[in-house]
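Visitor: I have not looked at this one before. Can you walk me through a few side chains?

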Amino acid sequence: MSDDGHEQNGHERVPSRQRRRFPGISSRAYEHPADRSALVALRKLSGFDAVFKALSGLLPERSLRLLFLSDSVRVSDQQFVHLNDMLRDACYILDLEKVPPMYVTQDPQPNAMCIGLDEPIIVVTTGLVELLDEEEMRAVVGHEVGHALSGHSVYRTILLFLTSLALKVAWIPLGNLAILAIVTALREWFRKSELSADRAGLLVGQDLRASMRGLMKIAGGNHLHEMNVDAFLQQAEEYEAGGDLRDSVLKILNVLPRSHPFTTVRAAELKKWAASRDYQRIMDGHYPRRTEDRDTSVGDSFKESAASYASDVKTSKDPLMKLVTDIAGGAGGLGGRVKRGFDGFTSAPPPKDAPPRDTPPEDGEA
């Protein structure tokens, strides 16, 4: 593709409406710090990509490609033309030179994925196509193209394979535990990669309201007249701040088996990033280029990741995160707070006529 937006065969590849394009943009521009540091570290390992490519004989990628080719509909200028236009637009905006193959597969469950070792392929379900309007779907296509640009498809394919393998060897205690440990680590990375891809979807669609609507529909179905963006985002705040330490533990347990963050959390994270200086700088044309990727420092990426996690913990309203912050800050009364945390931070205060406390304080309490 040439810089003026024309293919070599002379056909124009321009967005359906005027959108800003990002020539040569590096995926580092939109990647979540935790996602980025993991990818930079993996890419810096000598022979890492070669080892994973060598697994192609074991992984079911060729089978998957044949399956989609034989039992799904390939998006083209003859089939699902509107999706084909969106895909070309997304690749044009993010300057992805080779347009990945895209398939629509019959499945009422709204879903999309980008998989593949040698080359990424994008798959969307009929449930998703029927659920979303054009601008909402554009954000989803941009999301998947973001996965392709970041190289996520390789690791997603491995995650799918290992998840399937874990089920097959569940009867082998030690073997299953070893695989589950890897799967758990990959899922933690993939949840962060989803936040990255949401950002890519916003860069492609350049319509925050459409991105929010799409996430709401994925959570609550095609009932926009019954939903409200502000109320939906308020759910994310209530989810983070609500309950006691028991609820914090349950949140962790609930998210561990998931490949995606919870939908309200994704919406809140995307809105926060859209309001950030980083997003505005990208829209103004100031962003890292792919030509600079080789000079990326692993140490700097890990520092950014650590700073991001520290900031998340510090600003979190979650009871457990508050406790962690207090411990890090050396706050007093932690023994009592932990005990009360499991009884509920919001428990009613003692009655005004209660006798004064004359028992010695717990360890660490002032």
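Guide: Start with Trp273 and Tyr279, which are both buried (under 20% relative accessible area with a 1.4 Å probe, protein chains only; over 50% is exposed, and in between is partly exposed). This is a predicted model, where local features need pLDDT of at least 70, side-chain atom pairs count only at pLDDT 80 or more, and totals for chains, interfaces and linings use all residues. Residues are numbered from 1 along each chain as its sequence is written, and side-chain values use heavy atoms, with hydrogens and water left out.

Visitor: How many aromatic pairs does the structure hold?

Guide: Three. Ring centres of Phe, Tyr and Trp (its six-membered ring) must lie within 6.5 Å; planes under 30 degrees apart count as stacked, over 60 as edge-to-face and the rest as tilted. One of the pairs is Phe68 with Tyr103, stacked at 6.1 Å centre to centre and 25 degrees between the planes.

Visitor: Which parts does that pair tie together?

Guide: Phe68 is in helix H3 (residues 61-71) and Tyr103 in strand E2 (residues 102-105), so the pair links parts 35 residues apart in sequence. Helices (H or I, at least four residues) and strands (E, at least two) are DSSP runs, numbered from the N terminus. Phe68 is buried at 6% relative accessible area, and Tyr103 is buried at 7%.

Visitor: And what kind of pair do Trp273 and Tyr279 form?

Guide: Edge-to-face, with 5.1 Å centre to centre and 65 degrees between the planes.

Visitor: New topic. Where is Asp207?

Guide: Asp207 sits in the loop between helix H8 (173-205) and helix H9 (208-220). Its side chain reaches the backbone nitrogen of Arg209 at 3.2 Å.

Conventions. Polar contact = N/O pair within 3.5 Å; in protein donor to acceptor, adjacent residues only side chain to side chain.
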